[in-house]
Amino acid sequence: MRILVVEDEPAIARIIKSGLQKGGHVVDVVEDGIEAKNRVEIYDYDIAVLDVMLPGADGYEICYFIRNLGLDTKIIMLTAKDDIDSKVSGLDVGADDYMTKPFAISELEARIRALARRERIVCGAKLKVKSLTLDLSTKTALVNNKPLKTSLTEYRLLEYLIRHKDEVCSRTMISENVWGDKDHISNVIEATISKLRNKIKKLNNNKDIIFTIPKSGYRIY
């Protein structure tokens, strides 16, 4: 999953980012509310972890902003306050969960997994394009009901392409949303897609489902 962490205390932000990355997530960290608003308008986040007290715009305002955009990003609020009013305020503006500082990274990871399970129950556990099926609960892929062996990065790439199957995904979009940065070299992306194509074609009667759109990027259909 791609996760946005909005936390203005650098030490806490580093701990959260490191812990979530070890769990296989792509993590972006910003320190103020204005930048957080800019990010959610540009990038597709599965989870947003928002501190309440932030410069520029507080966590409640960011949460309200995300919901007004119509995004289904799951939101976890972080605060040093343990009073009921603070929790109610966060939930009222659209937060999905609330955690009080200090907390263990393992607890945050468990909350994220719980929200992901809730999302799968609501939206269904599988994504499908033609002969390719992704099981979101097990992070596995099938082609013509045969197991497709993928690395974590390859799986993320397939999931991103399927979720955006009606769009042409540029190399920059793929780099930012799969690798977590906009400067990932084009050759690495091309090599990963080429490897995936070969794996899929072996299970799909030599038919491709990932196509290069000249001078634009890639599309799956």
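**Close-up 1. Side-chain contacts of E7 in the predicted model.** The side chain of E7 reaches the backbone nitrogen of E9 at a distance of 2.9 Å in this predicted model. A polar contact, also at 2.9 Å, joins the side chain of E7 to the side chain of K101. E7 belongs to the loop that runs between β1 (2-6) and α1 (10-22). The relative accessibility of E7 is 0%, so E7 counts as buried. Leaving aside residues up to four places away in sequence, E7 touches I12, A13, V30, E31, D51, L54, L78 and K101.

Close-up 2. L91 is placed in helix α4, which covers residues 84-92. With a relative accessible area of 44%, L91 is partly exposed, because that class lies between the limits of 20% for buried and 50% for exposed. When residues up to four places away in sequence are not counted, L91 touches D96 and D97. The view also includes I75, which is 16 residues from L91 in sequence. The C-alpha atoms of L91 and I75 are 9.5 Å apart in space.

**Close-up 3. The aromatic pair F211 and Y221.** A pair of aromatic rings is described by the distance of the centres and the angle of the planes. F211 and Y221 form a stacked aromatic pair, 4.7 Å centre to centre, with 25° between the planes. F211 lies in strand β10 (residues 210-213), whereas Y221 is in the segment after β11 (217-220), so the pair ties together parts that are ten residues apart in sequence. F211 has a relative accessibility of 27% and therefore counts as partly exposed. Y221 is partly exposed too, its relative accessible area being 39%.

Definitions and conventions. Residues numbered from 1 in each chain as written. Predicted model: local features only at pLDDT ≥ 70, side-chain atom pairs only at ≥ 80, totals over all residues. Heavy atoms only, no water. Helix = DSSP H or I, 4+ residues; strand = E, 2+ residues; numbered from the N terminus. Buried < 20%, exposed > 50% of the residue type's maximum accessible area, 1.4 Å probe, protein only. Polar contact = N/O pair within 3.5 Å; in protein donor to acceptor, adjacent residues only side chain to side chain. Contact = heavy atoms within 4.5 Å. Phe/Tyr/Trp six-rings, centres within 6.5 Å; stacked < 30°, edge-to-face > 60°.
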